[in-house]
Every structure is written in structure tokens, then in C-alpha cells.
Amino acid sequence: LISNELIDVLLVTVPFDSTATPGASKFLSLGYLLLGSILKDAGYNVKILTGPNDADYESKLEKIIEEQSPVFIGFSVMTPQVNKAYELSQRIKKLRPEIPIVWGGFHPTIFPDQTVENPNIDIVAYGEGAPMIIPLVEALQNNKPLNDVQGIMFKRDGKTIRTEKPPLVELTDLPGIEWDLL
């Protein structure tokens with residue numbers, strides 16, 4: 001196993017564009033760290049793979065999906081990252097079609113309809129991820145309807161469903177970053 005503990009949620013970000021070398025970036029995106037921290041504070045085991053900072057992230061991803069069944073795999077995506085994130089989403093769906101793929105970040109927020117149309121993406125989180133991450137993992141884990149999770153789009157019976165946008169979260173209500181997730 002990649003980890004001694006089972007992974008409830010796997011969060012992935014890919015290099016910033018197709019010419020970027022995995023592991024070469026000196027910058028971190030705090031969005032997925034914040035979501036990971038929220039999940040960890042709620043008692044979930046979270047694994048974060050950072051393609052911009054980890055040259056081996058793709059082989060780690062493959063090993064995890066071979067050995068584990070996370071509740072979902074979430075991608076944090078900016079527009080320059082779309083092609084690589086599509087590629088990895090497709091690879092995951094070929095190997096493990098039952099694991100939901102969730103996309104969030106700037107690109108899915110700006111282009112949610114386009115993003116949810118991709119057959120390898122099950123759920124699109126648009127807007128702020130902080131208020132929807134716990135309701136989403138709970139709904140998926142307990143086979144509850146996704147209609148009650150605010151701030152997402154998903155496909156059901158050939159139709160795209162968009163839930164109500166959640167209220168903004170006050171910065172003071174957010175947890176501190178759990179740096180040990182890296």
C-alpha cells in the first residue's frame with residue numbers, strides 16, 4: 001500500500017501546462033490543501049498528490065487506484081491543466097469506473113457546463129469548495145442523493161443537474177492548513 005491507512009478521499013492537481021515538468025514547480029496551490037484540511041478535521045483520511053511538486057505523482061495515483069477505493073477522486077483544475085486532468089480522469093475511469101471523479105477549481109467554476117459534459121467527470125464543483133466538500137463526501141459515502149449538496153453539477157439519467165450555490169464561507173470560519181498532508 002502507498003499508505004498504511006485507507007484513503008477516503010484522494011485529491012490531485014496536475015502540472016500547470018503540458019510543457020511543465022512534473023515535480024519542477026516551487027509553488028503550491030492552497031485550494032486543495034484547504035479542502036484536505038477540512039476533510040482531515042472531519043475525520044477523513046485524505047491523500048493529496050501534487051503533480052507540480054511531485055515528479056512521481058502519476059505512478060502514485062495508479063498504485064492508489066489499484067489498491068484502494070476512495071469515496072471519490074477530486075481534481076483541482078485551472079484551464080492550462082485541463083488536458084492533463086482529462087487524460088488522468090480517462091485513465092482512472094478505464095481502470096476503476098465505479099470511483100466518482102470530481103472536478104473543482106477555477107476552470108470548472110468558469111466552465112461548469114462544458115466540464116460536466118466530459119464522460120469521465122461525474123461531478124463538477126463550482127464556486128467555493130469549502131462549504132460543499134463535507135456534504136459531498138457524506139452523500140457519496142452513504143449513497144444519499146446529490147441533489148442536497150450545494151454547489152455541484154452532476155449527470156443523472158442523461159440530464160445535467162445543477163444544485164443551488166452555497167453561501168460564501170467567512171475566512172475566519174475555515175480551519176488552518178494541515179501542512180502534513182503534503
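This is a predicted model: local features need pLDDT of at least 70, side-chain atom pairs count only at pLDDT 80 or more; totals for chains, interfaces and linings use all residues.
Biologist: Why is Asn143 called exposed?

Modeller: Exposed means over 50% relative accessible area, buried under 20%, and partly exposed in between, with a 1.4 Å probe and protein chains only. Asn143 has 74% relative accessibility, so Asn143 counts as exposed. Its place is in the loop between H6 and S6.

Biologist: Which other residue has a positive phi although it is not a glycine?

Modeller: Asp157, at about 55°. Asp157 lies in the loop between S6 and strand S7 (159-162). At 75% relative accessibility, Asp157 counts as exposed.

Biologist: Is Gly151 buried or exposed, and how do you know?

Modeller: Gly151 is buried, because its relative accessible area is 0%. Gly151 sits in the loop between H6 and S6.

Biologist: What does Gly151 touch?

Modeller: Contact means heavy atoms within 4.5 Å. Not counting residues up to four places away in sequence, Gly151 touches Val124, Ala125, Tyr126, Thr163, Glu164, Lys165 and Pro166. Gly151 and Glu164 are 13 residues apart in sequence, and their C-alpha atoms are 5.8 Å apart in space.

Biologist: What makes a set of residues a nonpolar core?

Modeller: A nonpolar core is a set of buried Ala, Val, Leu, Ile, Met, Phe, Trp, Tyr and Cys residues joined through side-chain atoms within 4.5 Å. The largest such core here has 30 residues, and those with the most contacts inside it include Leu39, Phe72, Ile133 and Leu136. Among the elements that each supply at least two residues of this core are helix H1 (30-41), helix H6 (133-141) and strand S6 (152-156). A second, separate core has 24 residues, including Leu10, Val14, Ile92 and Ile121.

Biologist: Which residues in H6 are buried?

Modeller: Ile133, Ile134, Leu136, Val137, Ala139 and Leu140. Ile133 touches Leu35, Ile38, Leu39 and Phe72, not counting residues up to four places away in sequence. The cover over the buried residues of H6 includes S1, H1 and S6.

Biologist: How many helices and strands does the chain have?

Modeller: The chain has 6 helices and 7 strands. Helices (H or I, at least four residues) and strands (E, at least two) are DSSP runs, numbered from the N terminus.

Biologist: Why is the chain called as compact as a globular protein of that length?

Modeller: The globule rule is 2.2 Å times the number of residues to the power 0.38, and the radius of gyration is taken over C-alpha atoms. For 182 residues the rule gives 16 Å, and the radius of gyration of the chain is 15 Å, close to that value, so the chain is as compact as a globular protein of that length.

Terms used:
Residues are numbered from 1 along each chain as its sequence is written. Side-chain values use heavy atoms; hydrogens and water are left out.
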